[in-house]
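Subject: Structure handover

Hello,

Here is the structure I said I would pass on. My notes on what was found in it follow below.

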Amino acid sequence: MTKKLFIALFILIATILPNKATAQEDYRFDAGGGIGMTGYLGDANTSNLWSSPSWDLELLFRYIMNPRWALKSNIYIGNLKGDSSKMTNVFPNDEAYKFSTVFYEIGEMAEFNFFNYGMGEYYRKLKRFSPYITAGLGLTVWSVEGNTGAAFTIPFGIGFKYKPSRRLNLGLEFLMKKTFTDRLDGPMLDDTVGIKSSFMKNTDWYSTLTFTVSYEFSKRCAVCNYKD
């Protein structure tokens, strides 16, 4: 009797364990941070985005809607630099300008994964990696030589995600950010050639290339079958 009970218990454990290992473990939220580099395009640098690279730090929080879509809130702090002496174009009277500013940015982004991103269920065709595209809206605040400014931005770009484990995510993201201002590089570089700024012309841009690490939490209900 004891031997039969032991065999039955062994069979029960062997049946349960595979189900536990492959059970659905989706999480609703993802939070983390990153570090990277910035680039700038404007009056002090009209062509080479990486002419005067600098640094950025990011905090991020994602709401994971499904394996394809996510909404991301982010906060950036970083530095932007430019030096017109590195350009082939010259300003009137051979003037040269350079600037350095620390900026603060908050934004909301939508992300679309090209693959069903995740780990676990084979029937959902989840993959541990995925390229993605993203776009959104942001607000940037900065200060140059004691002059503080703020402007809305439209960030957009591409990225790549990888899962070394079920809840851990590694990412690399490149964003271009169009600002609705020509004063990101300071008042001295506003309207240097007599062309007034408008929605589509003579405005400043900057970029971020950031490596991120994030961790998922707040597990969704793992019960797949409902019974009255």
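**A loop residue to start from**

Ser51 sits in the loop between β1 and β2. Strands here are DSSP runs (E, at least two residues) and helices are DSSP runs too (H or I, at least four), numbered from the N terminus. With a relative accessibility of 18%, Ser51 counts as buried; buried means under 20% relative accessible area, exposed over 50%, and partly exposed in between (1.4 Å probe, protein chains only). Its C-alpha atom is 8.0 Å from that of Tyr40, a residue 11 positions away along the chain.

Before going on, a note on the source. This is a predicted model, in which local features need pLDDT of at least 70 and side-chain atom pairs count only at pLDDT 80 or more, while totals for chains, interfaces and linings use all residues. Residues are numbered from 1 along each chain as its sequence is written, and side-chain values use heavy atoms, with hydrogens and water left out.

**The chain as a whole**

The chain contains 1 helix and 8 strands, in the order α-β-β-β-β-β-β-β-β along the sequence. Of its 228 residues, 39% count as buried. The accessible surface is about 13300 Å², and carbon and sulfur atoms hold 66% of that surface (Shrake-Rupley method, 1.4 Å probe; for residues, only the protein chains shown count as cover). Contact means heavy atoms within 4.5 Å. Among contacts in the chain with a separation of 6 or more, 65% are between residues 24 or more positions apart.

Two strands pair if DSSP finds at least two bridges between them. Strand β6 (residues 147–162) and strand β7 (residues 168–179) run antiparallel and are joined by 10 bridges. The two form a hairpin with 5 residues between them, and Thr153 stands opposite Thr179 in β7. On to the next pair: β7 is also antiparallel to strand β8 (residues 205–219), with 11 bridges joining them. Here Lys177 has Tyr206 in β8 as its bridge partner.

**Thr38**

Is Thr38 buried or exposed? Thr38 counts as buried because its relative accessibility is 1%. This residue belongs to strand β1 (residues 27–41). Its side chain reaches the backbone oxygen of Asn79 at 2.6 Å, within the limit for a polar contact (a pair of N or O atoms within 3.5 Å; within protein, one must be able to donate a hydrogen and the other to accept it, and residues adjacent in sequence count only if both atoms are side-chain atoms). Leaving aside neighbours within four places in sequence, Thr38 is in contact with residues including Trp50, Trp55, Leu80, Phe103 and Thr208.

**Arg220**

Arg220 lies in the segment after β8 and is partly exposed, with a relative accessible area of 23%. Arg220 and Arg28 are 192 residues apart in sequence, yet 6.4 Å apart in space, C-alpha to C-alpha. Not counting residues up to four places away in sequence, Arg220 touches Asp26, Tyr27, Arg28, Tyr63, Ile64 and Met65. A polar atom of the Arg220 side chain lies 2.3 Å from the backbone oxygen of Ile64.

Grid points are joined across faces, edges and corners, and a volume is the space filled by probe spheres set on the points.

The count is 1 cavity of 30 Å³ or more, and the largest cavity holds about 40 Å³ of space. Its lining includes Arg62, Tyr117, Lys161 and Thr212. β7 gives the most to that lining, with 3 residues.

The largest pocket holds about 280 Å³. Of the 22 residues lining this pocket, Tyr27, Ile64, Tyr117, Lys163 and Glu216 are the closest to its centre. β1 and β2 (54–64) each supply at least two residues of the pocket lining.

**Two positive phi angles**

Glu145 is not a glycine but has a positive phi of about 55 degrees. Glu145 is in the loop between β5 (129–144) and β6, and counts as exposed at 64% relative accessibility. Ser218, also not a glycine, has a positive phi of about 65 degrees. Ser218 is in strand β8 and counts as partly exposed at 22% relative accessibility.

Regards

Conventions. 1 Å grid on protein atoms, 1.4 Å probe; cavity = no way out; pocket = protein on both sides within 12 Å on 5 of 7 lines; lining within 4 Å.
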